[in-house]
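Visitor: I've just opened this one and could use a hand reading it. Can we take it feature by feature?

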Amino acid sequence: IDSIHLKSQYGRYKIAVISPADAMNRNAANSLLKTLEEPPEHSLFILLSHRPNLLPITIRSRCQHMRFNPAYDDETLRWVNENLQSGENAEDLLKMAGGAPLAIEEMLESNVIEYQRNILDDLFALKGMQEDPIKVAEKWKTYETSRVLLWLTQLFADMVRIKALAQPVRISDSVTIGRLQELIKQLELGELTGFYHLLLENYSMSTGTISYNAQGLLEDVIIFWQGLNSEVNQ
């Protein structure tokens with residue numbers, strides 16, 4: 001706020017970028033509000049957020065909204081194939097990256113695909129009571145808690161769609177879809193949606209401004225998952 005009120009060095013526009021804007025707590029947002037209402041001359045504020053619903057309505061109402069949608073078109077797929085040689089299906093990679101082609105390179109470098117496959121294997125092991133929930137939570141924590149919860153949220157959104165025979169399913173790989181069908185075969189749709197809502201809540205807490213016990217959030221999810229399958233077995 002102090003910087004934007006200074007005179008521009010070259011007499012042109014001053015641009016302030018706040019990213020991620022949803023990381024602002026209420027006090028920070030309120031401090032910014034008056035400057036948004038009465039910005040200095042020749043100034044521009046850019047607030048970036050992939051969760052704009054977390055911004056106070058007072059902030060959102062004073063901004064022009066520009067939405068950047070995921071890109072799954074042929075041109076994007078062609079770019080992925082030409083620029084990112086991975087041996088993986090370009091369409092699957094793009095869906096895993098949420099339609100953000102530049103995020104795929106980071107996914108490949110940080111072993112995200114391997115981690116996601118490990119998590120799916122762990123879900124099967126937990127379902128059969130073949131793994132210690134605490135040890136699995138410790139392993140998942142090394143992948144970064146908020147990322148794991150996001151991956152699980154995406155995975156179980158697909159499982160809910162598969163169970164409900166709804167479209168579209170994010171995953172196009174027939175082998176993975178077959179594994180998901182096996183995983184949820186004995187579960188009811190209501191149980192799956194209940195677990196999905198728990199994942200959403202824990203993901204929201206893991207990315208919020210309040211500090212939470214990261215491993216506790218993962219243990220909560222794992223124990224709930226084992227509880228669902230334990231009831232089925234009984």
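Visitor: Which residues in H6 are buried?

Guide: Two things before that. This is a predicted model, where local features need pLDDT of at least 70 and side-chain atom pairs count only at pLDDT 80 or more, while totals for chains, interfaces and linings use all residues. Residues are numbered from 1 along each chain as its sequence is written, and side-chain values use heavy atoms, leaving out hydrogens and water.

Guide: Now, buried means under 20% relative accessible area, exposed over 50%, and partly exposed in between (1.4 Å probe, protein chains only). In H6, the buried residues are Val112, Ile113, Gln116, Ile119, Leu120, Asp122, Leu123, Ala125, Leu126 and Lys127.

Visitor: How many salt bridges does the structure hold?

Guide: A salt bridge is a side-chain nitrogen of Lys or Arg within 4 Å of a carboxyl oxygen of Asp or Glu. There are ten of them here. In one, Glu37 pairs with Arg62, with the closest N and O atoms 2.7 Å apart. Glu37 sits in helix H1 and Arg62 in the loop between helix H2 and helix H3, so this pair ties together parts that are 25 residues apart in sequence. Helices are DSSP runs (H or I, at least four residues), as strands are (E, at least two), numbered from the N terminus.

Visitor: Which residues are linked in a network of salt bridges?

Guide: That would be Glu106, Glu144 and Arg147. Within this group, the Glu144 and Arg147 side chains meet at 3.9 Å, N to O. Glu144 is partly exposed at 42% relative accessibility, and Arg147 is partly exposed too, at 26%.
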